[in-house]
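Here is a short briefing on charged side-chain pairs. Look at the model first, then read the points below.

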Amino acid sequence: GPIVIMYSEDVCDACEQMYPVVKDLLNVSFNKTDMIFKHVTYQGTNMTFFFINIDHTIPMLQQSRATYDKDNINGLPMFTFITLRYDEGTVRPYYTSVYGTLGPSLQTPELREAFLAGILEDSIQLYHENRVGYHP
């Protein structure tokens, strides 16, 4: 299924605001200094969640952040959603990333969770539509 990655660091006010949002959305628990991956089920779809604190992880995972920082924002927290998409005749991995507390119009944890849930639900839909045609 789809993959969700949350990148964080030790000193990050926006990260502190977003930890409970992600924990509630995906029903996961972690400490802010952890590096974890968990298989979770969201609305009946198996998916994988990674939490990467760049201050406490291996160089390869620190460097992965640059790969998914599609807009070169270099902001934290960064949330990356990886799924599958039909692109020019081929099914390929596709990702999008969003940053921080997700924008000034999302002032409550509930609005932030709903925003992330929408991206996750789109990722799940794309995954189900395209997984049969994916040949790595």
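Partly exposed means a relative accessible area between the buried range, under 20%, and the exposed range, over 50%. Lysine 70, at 37% relative accessibility, therefore counts as partly exposed. The model is predicted. How many salt bridges does the structure hold? It holds three.

**Lysine 32 and glutamate 16**
- The side chains of lysine 32 and glutamate 16 form a salt bridge, with 2.8 Å from N to O.
- This pair links distant parts of the chain, 16 residues apart.
- Glutamate 16 sits in helix α1 (13-26), while lysine 32 lies in the loop between α1 and β2 (35-42).
- Lysine 32 is partly exposed, with a relative accessible area of 32%.
- Glutamate 16 is partly exposed as well, at 37% relative accessibility.

**Lysine 70 and aspartate 71**
- Lysine 70 meets aspartate 71 in a salt bridge between their side chains, at 2.8 Å from N to O.
- Is aspartate 71 buried, exposed or partly exposed? Aspartate 71 has a relative accessible area of 42%, so it is partly exposed.

**Aspartate 87 and arginine 92**
- A salt bridge joins aspartate 87 to arginine 92.
- The closest N and O atoms of this pair are 3.7 Å apart.
- Aspartate 87 has 24% relative accessibility and counts as partly exposed.
- Arginine 92, at 35% relative accessibility, is partly exposed too.

Definitions and conventions
Residues numbered from 1 in each chain as written. Predicted model: local features only at pLDDT ≥ 70, side-chain atom pairs only at ≥ 80, totals over all residues. Heavy atoms only, no water. Salt bridge = Lys/Arg side-chain N within 4 Å of Asp/Glu carboxyl O. Helix = DSSP H or I, 4+ residues; strand = E, 2+ residues; numbered from the N terminus. Buried < 20%, exposed > 50% of the residue type's maximum accessible area, 1.4 Å probe, protein only.
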